[in-house]
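Thanks for sending this one over. Here are my notes, point by point, to read alongside the model.

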Amino acid sequence: MRAELARLQEELVRLEESEQVLTKMQEVLGTTPKQTAKKGKGSKTAAVPAARRSNGKTAAGKTGTTTGRKTSKKAASPKKPGEPTWLELTTAHLTGQSEPKSAAEVSAALTEAHPERTVQVTVVRNTLEQGVAQGLFERSKQGRSVFYSPAVAVSAQPGS
């Protein structure tokens, strides 16, 4: 039973770290859920009962105690009030382009255009995927490469 408990605790730590990464991605994209912020505050009281339970229902309890140091480094560069969101920046960049661009190309262009902001390719890629989900961008694959372009309305095409 102790081996199973240790395995479950390790899995719990991995899941909590994944949750924090996803929460940070949501914060960067400007869609911060209220629920995750509340879970982090009560984490110290739930840490001990979570370790005693085998069902893992209070799994989010240990998040703040185990990986709190990692989040403080990344929290130094969030979007300041009045700055455009990543979605706004990527939309503005792609609408000015005549051909599809990869996430790496978009992030390189945003790095040049906004040197004061820390641009990460994964954040730009997730933002582009968010834009695809919202219908702002179109995704096209060429081999293993993925390219993004602004969504074109059917009525805007010539000859319609």
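1. The crossing of helices α6 and α7 is right-handed, that is, the near helix is turned clockwise from the far one by less than a right angle. Helices here are DSSP runs of H or I with at least four residues, and strands are E runs of at least two, numbered from the N terminus. Please keep in mind that this is a predicted model, where local features need pLDDT of at least 70, side-chain atom pairs count only at pLDDT 80 or more, and totals for chains, interfaces and linings use all residues. Residues are numbered from 1 along each chain as its sequence is written, and side-chain values use heavy atoms, without hydrogens and water.

2. The axes of α6 and α7 (lines fitted to C-alpha atoms over the stretch in contact, with angles from 0 to 180 degrees between N-to-C directions) come within 9 Å and cross at roughly 115 degrees. That makes the two helices roughly perpendicular, a label covering 65 to 115 degrees.

3. Which residues of α6 meet α7? Ala103, Ala104, Val106, Ser107 and Leu110 do, facing Val121, Val124, Arg125 and Leu128; contact means heavy atoms within 4.5 Å.

4. Leu94 is worth a look: beyond residues up to four places away in sequence, Leu94 touches Lys101, Val106, Leu128, Phe137, Tyr148, Ser149 and Pro150.

5. Strands β1 (residues 137-142) and β2 (residues 145-150) run antiparallel, joined by 6 bridges; pairing takes at least two DSSP bridges. Gln142 has Ser145 in β2 as its bridge partner. The hairpin has 2 residues between the strands, and Gly143 takes a positive phi near 70 degrees.

Key
Parallel < 35°, antiparallel > 145°, perpendicular 65-115°, else oblique.
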